[in-house]
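Subject: Structure handover

Hello,

Here is the structure I promised to pass on.

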Amino acid sequence: MIRVLIADDEPLMRAGIKAILGTADDIELVAEAGDGREAVRIALERRVDVAVLDIRMPRLDGLAAARELRTVAPSVRVVMLTTFGEDDNIVRALSDGAAGFLLKDSAPEELLRAVRAVHSGEAYLSPMVTSRVVGMVAQVGQPRRQEAMRQVEGLTDREVEVLSLLGLGMSNADVGQRLHMSEATVKTYVSRLLAKLGLTNRVQAALLARDAGLAN
């Protein structure tokens, strides 16, 4: 069972998330929180696998809570919930290593996919969030583009291929199918890429690929 904590200051939103999670046989809701501070406290007191956090909450917002969880409970994977108009927060959260990102108006099955993906060690960006990120990265300045290109200079041709597909938001299975590799081999490449590039997760790798102009 995947043990999930949800944190949102809106009771109606929490009730909706709870109802969606309740439809899955492999997911258990272990606690609810109304703010980020309470979410961190609960995560320390109870065994939590995945925390679903709203970005805007009182006392401690979702971004700050996610950063704190990385320090005090690094095994907890975080899925952030956001709305349109918070592009800066999206970039900040992804750069800080958030494993998943969803818009609040995403389809219910997307939430379940996101929880399962981050629990398995992968990252999850809803298609709408991915399109927003693509738009923001399209406006990347020349110094940032040059720095990203410098970072990927030492990669092999195959590593560049894998990184490029990560930048397109592909899962390991999708990358394997495109490059005619097993999923296990793709996982090995992804792990090697993260280590080589000094990155925390595949979302950061995807952002780097886009900054470097590899994911077109």
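**Helix packing, H2 and H3**

H2 and H3 cross with a right-handed sense (left-handed is when the near helix is turned anticlockwise from the far one by less than a right angle, right-handed when clockwise). The model is a predicted one, in which local features need pLDDT of at least 70 and side-chain atom pairs count only at pLDDT 80 or more, while totals for chains, interfaces and linings use all residues. Residues are numbered from 1 along each chain as its sequence is written, and side-chain values use heavy atoms, with hydrogens and water left out.

H2 spans residues 36-45 and H3 spans residues 62-72. Their axes lie 9 Å apart, at an angle of about 20°. Axes here are lines fitted to C-alpha atoms, for helices over the stretch in contact, and angles run from 0 to 180 degrees between N-to-C directions. H2 and H3 are therefore roughly parallel (under 35 degrees; over 145 is roughly antiparallel, 65 to 115 roughly perpendicular, and the rest oblique).

From H2, the contact uses Gly36, Arg37, Val40, Ala43 and Leu44. From H3, Ala65, Glu68, Leu69 and Val72 take part. Contact means heavy atoms within 4.5 Å. The H2-H3 contact residues divide into six nonpolar, one polar and two charged. For these classes, Ala, Val, Leu, Ile, Met, Phe, Trp, Tyr, Cys and Pro count as nonpolar, Asp, Glu, Lys and Arg as charged, and the others, Gly among them, as polar.

**The chain overall**

The chain has eleven helices and six strands. Helices (H or I, at least four residues) and strands (E, at least two) are DSSP runs, numbered from the N terminus. Of the 216 residues, 50% are buried. Buried means under 20% relative accessible area, exposed over 50%, and partly exposed in between (1.4 Å probe, protein chains only). Take the contacts between residues at least 6 apart in sequence: 66% of them join residues at least 24 apart.

UniProt, in an unreviewed entry, lists Asp54 as "modified residue: 4-aspartylphosphate". UniProt positions are in the numbering used here, feature names are shortened, and annotations may be inferred rather than shown by experiment. Asp54 sits in strand E3, residues 50-54. Its relative accessibility is 5%, so Asp54 counts as buried. Beyond neighbours within four places in sequence, Asp54 contacts Ala7, Asp8, Asp9, Gly62, Leu81 and Lys104.

Gly62 belongs to helix H3. Its relative accessible area is 0%, so Gly62 is buried. Setting aside residues up to four places away in sequence, Gly62 touches Leu53, Asp54, Ile55, Met57 and Met80. Gly62 and Val52 are ten residues apart along the chain, and 9.2 Å separates their C-alpha atoms.

H8 (residues 157-167) packs on H9 at an angle of about 130°, with the axes 10 Å apart. H8 and H9 are therefore oblique to each other. Their crossing is right-handed. Arg158, Glu161, Val162 and Leu165 of H8 meet Val175, Arg178 and Leu179 of H9. By class, the H8-H9 contact has four nonpolar, no polar and three charged residues.

H9 also packs with H10, at an angle of about 105° and with the axes 8 Å apart. H9 and H10 are therefore roughly perpendicular. Asn172, Ala173, Val175 and Gly176 in H9 meet Glu183, Val186, Lys187 and Val190 in H10. The H9-H10 contact residues are four nonpolar, two polar and two charged.

**Positive phi**

His180 is in the loop between H9 (172-179) and H10 (183-197). His180 is not a glycine, yet has a positive phi of about 60°. At 74% relative accessibility, His180 is exposed.

Arg59 lies in the loop between E3 and H3. Arg59 is not a glycine either, and its phi is positive, about 65°. With a relative accessible area of 66%, Arg59 is exposed.

What about H11 itself, residues 202-211: how many of its residues are buried? Ten of ten. Among them are Val203, Leu207 and Leu208, but also Arg202, Arg210 and Asp211.

Best wishes
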